[in-house]
Amino acid sequence: MGREGDVRGSRPSVRFSKACLKNVFTVLLIFIYLLLTTVAIFLAYQTISDFLEKLSQPVMSVTYKEVESFPPPGIALYPGNAQLLSCKHHYHDYIPPLTNPGKPQRGDCEVKEVTYFGPFINQTEKRALVVRGPSDVKNKELIFMQFSQNETEADFSAITYMLFSKFSDLIHSANQSEFMRDCEKNYSMWTFSGGFRTWVKMSLVKTSGKSNQAVEFRQESSVVKFNDKRPEAEQTNELFFAVFEWRDPFIQDIRLIVTANPWSSMAILCGVFMALFKAANFAKLTIKWIIKMRKRHLRNKARELSPVS
């Protein structure tokens, strides 16, 4: 009788150990489910964030295209009270010594004068001398211009200029004044000072976006002081000298590329949603298993209590 009592007394502890082990296993399964769900949600959020960031921040692809000649640009100069004395084409970076500086000389440039109202608030009337720029970059074609200005009350004197992509666009424009207004809106302004020779070397940059294309100039300029050897009586007229030349035969082409690939992002999201579906299915089976084990535990407990009653 003693042995039978010992055996019967040991059964509850064994059942308690199994129930405790099953509860621990259940908690572990729930923890794994929560961990998988958290990882899947984080991956979905990270994928969407990366896609939106790449979509708003395209990557620049820079290439260089070599040419033998450029389309002649337009060089718009705003001399104000200054007078254009000469404008000549030269080649191979050679500019002959000045003869009779400060006096009008024969030139060979194509110059177009355009009067228009400025595009900004004050809308002042402007007079622009538009010169057909150099084209032959292989032979280092350049344009040398000389201006003269009488005495002025201003402390500093300079001539403003603007570069735009094609001189032919102005010639073929139906409304040249409106064309110059649009150019002033879209292009930058620079200046060169009196009493110096300003050597401007231009380079062309084309930027292609999603739907539009922009053209702009970049320039490198160097300044050399003019040694005025004219008689003192003639030095009341301040002289301006400007040289325009292409820096090199390369066109810099910048393309904005969107690296965000919607198909790869969709593939990742599909994988994440499949993981969420599997995790939800796993949670459903876990809950069913917990309910089943609970019912079995209640049946066993009822079975143990029935002989006592």
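1. Terms for exposure come first. A residue is buried under 20% relative accessible area, exposed over 50%, and partly exposed in between (1.4 Å probe, protein chains only). Lysine 140, at 42%, therefore counts as partly exposed. The model is a predicted one: local features need pLDDT of at least 70, side-chain atom pairs count only at pLDDT 80 or more, and totals for chains, interfaces and linings use all residues. Numbering runs from 1 along each chain as its sequence is written, and side-chain values use heavy atoms, with hydrogens and water left out.

2. Overall make-up. The protein has four helices and eleven strands. These are DSSP runs, numbered from the N terminus: helices are H or I with at least four residues, strands are E with at least two. Of its 309 residues, 31% count as buried.

3. Contacts. A contact means heavy atoms within 4.5 Å. Take the contacts in the protein with a separation of 6 or more: 79% of them are between residues 24 or more positions apart.

4. Serine 86. This residue sits in strand β3, residues 83-90. Is serine 86 buried or exposed? Its relative accessibility is 4%, so serine 86 counts as buried. Neighbours within four places in sequence aside, serine 86 touches Gln105, Phe144, Met145 and Gln146.

5. Aspartate 108. Look for this residue in the loop between β3 and β4. Aspartate 108 is partly exposed, at 45% relative accessible area. From serine 86 it is 22 residues away in sequence and 8.5 Å away in space, C-alpha to C-alpha. With neighbours within four places left out, aspartate 108 has contacts to Cys87, Lys88 and His89.

6. The structure holds eight salt bridges. The criterion is a side-chain nitrogen of Lys or Arg within 4 Å of a carboxyl oxygen of Asp or Glu. One of them joins arginine 127 to glutamate 113, at 3.7 Å from N to O. This pair links distant parts of the chain, 14 residues apart: arginine 127 is in strand β5 (residues 125-132) and glutamate 113 in strand β4 (residues 111-117). Both ends are partly exposed: arginine 127 has a relative accessible area of 32%, glutamate 113 one of 48%.

7. Salt bridge within a helix. Glutamate 178 pairs with arginine 181, their closest N and O atoms being 4.0 Å apart. Why are glutamate 178 and arginine 181 separated by about one helical turn? Because they are three residues apart in helix α3, residues 176-186. Glutamate 178 is partly exposed at 37%, whereas arginine 181 counts as buried at 18%.

8. Arginine 247 lies in strand β11 (residues 238-257) and glutamate 220 in strand β10 (residues 213-225), so the pair ties together parts that are 27 residues apart in sequence. Arginine 247 counts as partly exposed at 39% relative accessibility, and glutamate 220 as partly exposed at 45%.

9. Backbone points to check. Most residues other than glycine have a negative phi. Asparagine 100 is not a glycine, yet its phi is positive, about 55°. Asparagine 100 lies in the loop between β3 and β4 and counts as exposed at 52% relative accessibility. Lysine 140 also is not a glycine and has a positive phi of about 55°. Lysine 140 is placed in the loop between β5 and β6 (142-149).

10. Second largest pocket. A pocket here is an open set of points on a 1 Å grid over the protein atoms alone, where a 1.4 Å probe fits, with protein on both sides within 12 Å along at least five of seven lines; lining residues have an atom within 4 Å of a point. The space in the second largest pocket is about 190 Å³. Leu98, Pro101, Arg197, Val224, Lys225, Phe226, Asn227 and Lys229 form its lining. By class, the lining has four nonpolar residues, one polar and three charged.

Notes. Grid points are joined across faces, edges and corners, and a volume is the space filled by probe spheres set on the points. Ala, Val, Leu, Ile, Met, Phe, Trp, Tyr, Cys and Pro count as nonpolar, Asp, Glu, Lys and Arg as charged, and the others, Gly among them, as polar.
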